[in-house]
Amino acid sequence: MGVDSGKALSQNPCLHTTSLDSIHSIITFLESKGIHQKDLGRIFGMCPKILTSDIKTELNPVFNFLSYDLRVPDQHYRKVINKCPRLLISSVRDQLKPALFYLQRLGFRDLHALAYQDPVLLVSSVEKTLIPKLDFLVSIGFSRADAVGMVLRCPGLFTFSIENNFKPKFEYFAKEMEGSLEE
C-alpha cells in the first residue's frame, strides 16, 4: 500500500499485535464509505492509528459526525477524508464537536466550507490552538471583534504557528516596514 512500516509501527505500536483480518476489516469499512484503495496508503501513512481503530466506537461516529453535524453527503466522504485524514483518529465527543461548536460560536456558518476547505480546524484543539491564536491577535492590538472577523474571512489564520509565523511577520511588518495596525 506504500505505507512506511517503520514509521507506522513507531507511531502505532499496537500494529505489532493486530491481525490481518482486523486491518482488512478497516480497509473494507473505509472502502464502503467511498474511500478508494489508492487513497489508503496516504491516509494510513499520515495516520497509522486508523489501522487499529475500532470501527463501531471510533470510525463510525466520525462518519456520523460528517453526515449529521457537517451535512456531508455519503458520496463526498472521500473528498473530506482525503483533505484531512486526521478526522478519522479524532474523538467526536472530545475533539470534533467541541471544535465545531467553538467555530460556530465565533461565527462560522458555512458548514460546506468547513468540511471541504478547512476540516483541519475541526481537529485543532480549541484550548491549545484556536483560542491562543485568537488571543495573540488581540494581544497585538486588534479588538476581539476585529480578530474574529479576520479568522472568519481567512480561516487559514488558525493554521499558522504563533512563534514561527505570526510573531516574526508582525515584528517585521511593525519594525522593519514601520506598518501600523490599521494597515
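In helix α4, the buried residues are Leu-59, Val-62, Phe-63, Phe-65 and Leu-66. This is a predicted model.

**Helix α4**
- Helix α4 spans residues 55–69 and is kinked by about 25 degrees. The kink is centred on Pro-61.
- Asp-54 sits at the start of α4. A side-chain oxygen of Asp-54 comes within 3.0 Å of the backbone nitrogen of Lys-56.

**Nonpolar core**
- The largest nonpolar core contains 57 residues. Leu-30, Leu-66, Leu-70 and Leu-87 have the most contacts inside this core.
- Helix α6 (residues 92–106) supplies the largest share of this core, with 7 residues.
- Leu-66 is also one of the buried residues of α4.
- Leu-70 contacts Phe-65, Leu-100, Leu-111, Leu-114, Ala-115 and Leu-122, with neighbours within four places in sequence left aside.

**Asp-118**
- Asp-118 is in the loop between α7 (111–116) and α8 (126–139).
- Is Asp-118 buried or exposed? Asp-118 is buried, yet has no salt bridge.
- The nearest side chain of opposite charge belongs to Lys-83, 6.6 Å away. A salt bridge needs a nitrogen-to-oxygen distance within 4 Å.
- Asp-118 touches Ala-113 and Pro-155, not counting residues up to four places away in sequence.

Methods
Residues are numbered from 1 along each chain as its sequence is written. This is a predicted model: local features need pLDDT of at least 70, side-chain atom pairs count only at pLDDT 80 or more; totals for chains, interfaces and linings use all residues. Side-chain values use heavy atoms; hydrogens and water are left out. Helices (H or I, at least four residues) and strands (E, at least two) are DSSP runs, numbered from the N terminus. Buried means under 20% relative accessible area, exposed over 50%, partly exposed in between (1.4 Å probe, protein chains only). Lys and Arg count as positive and Asp and Glu as negative; His and the chain ends are not counted. Contact means heavy atoms within 4.5 Å. A nonpolar core is a set of buried Ala, Val, Leu, Ile, Met, Phe, Trp, Tyr and Cys residues joined through side-chain atoms within 4.5 Å. The bend at a residue is the angle between axes fitted to the seven residues ending there and the seven starting there. A polar contact is a pair of N or O atoms within 3.5 Å; within protein, one must be able to donate a hydrogen and the other to accept it, and residues adjacent in sequence count only if both atoms are side-chain atoms.
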